[in-house]
Amino acid sequence: MVRQVNELLEAQEASIAFARERAADLAHGLKTPLAIISATSERLRQGGDQANADLLQMLTDQMNARIDYQLRIARLRLRTGAQGVKSSINDTILRSVAVLRKSTGVRR
């Protein structure tokens, strides 16, 4: 049972790590096209097309903000009161059994 719980926890951690890596890869992959769109916006502005330049820059800024937000979320971990606390299930069960034996007067 302990082995199965440990395997489950390891699989969950691997899944979370994979999801974070994929989110980061996607976000970083979008940064280059957004930089190109931003440069295009600047060329439009220099060519006198202020309305389209402003529209492209607004969209680029919104997308960059959304990507940055998602990257921050991907870096966060769900924090619980039990995080960082490690305990062996086996040790916990053995201690619980010992307490029950003492309280009921059952000897081994």
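Colleagues, a word on conventions. Residues are numbered from 1 along each chain as its sequence is written, and side-chain values use heavy atoms, with hydrogens and water left out. Because the model is predicted, local features need pLDDT of at least 70 and side-chain atom pairs count only at pLDDT 80 or more, while totals for chains, interfaces and linings use all residues.

Let me begin with the overall layout. The order of elements from the N terminus is α-α-α. Of the 108 residues, 7% are buried; here buried means under 20% relative accessible area, exposed over 50%, and partly exposed in between, with a 1.4 Å probe and protein chains only. The protein exposes about 8900 Å², of which carbon and sulfur atoms supply 60%. Accessible areas come from the Shrake-Rupley method with a 1.4 Å probe, and for residues only the protein chains shown count as cover. As for contacts (heavy atoms within 4.5 Å), if we take those between residues at least 6 apart in sequence, 55% join residues at least 24 apart.

I turn now to helix α2. It has 26 residues and spans 37 Å from first C-alpha to last, close to the 38 Å expected at 1.5 Å a residue; the expected span is 1.5 Å times one less than the number of residues. Which residues of α2 are buried? They are A53, T60, I67, L71 and A74, and they pack against α1, residues 2–46.

S41 counts as buried because its relative accessible area is 0%. Leaving aside residues up to four places away in sequence, S41 touches A53, L56 and Q57. A51, in helix α2, is ten residues from S41 in sequence, and their C-alpha atoms are 9.7 Å apart. A51 has a relative accessible area of 58% and is therefore exposed.

On the surface, L55, M58, L59 and M63 form a nonpolar patch with about 340 Å² of accessible area together. Patches are made of residues with over 30% relative accessible area and no salt bridge, like charges being joined within 9 Å and nonpolar side chains (Val, Leu, Ile, Met, Phe, Trp, Tyr) within 5 Å. L55 belongs to helix α2 and, at 42% relative accessibility, is partly exposed.

Finally, the charged pairs. How many salt bridges does a search of the whole structure find? It finds four, a salt bridge being a side-chain nitrogen of Lys or Arg within 4 Å of a carboxyl oxygen of Asp or Glu. One joins the side chains of K31 and D68 at 2.9 Å, N to O. This pair links distant parts of the chain, with K31 in helix α1 and D68 in helix α2, 37 residues apart. K31 is partly exposed at 27%, as is D68 at 32%.

Another salt bridge joins R45 and E42 at 3.5 Å, N to O. These two residues are three apart in helix α1, so about one helical turn separates them. R45 also meets D54, at 2.6 Å, N to O. Through shared partners, E42, R45 and D54 are joined into one network.

Technical notes: Helix = DSSP H or I, 4+ residues; strand = E, 2+ residues; numbered from the N terminus.
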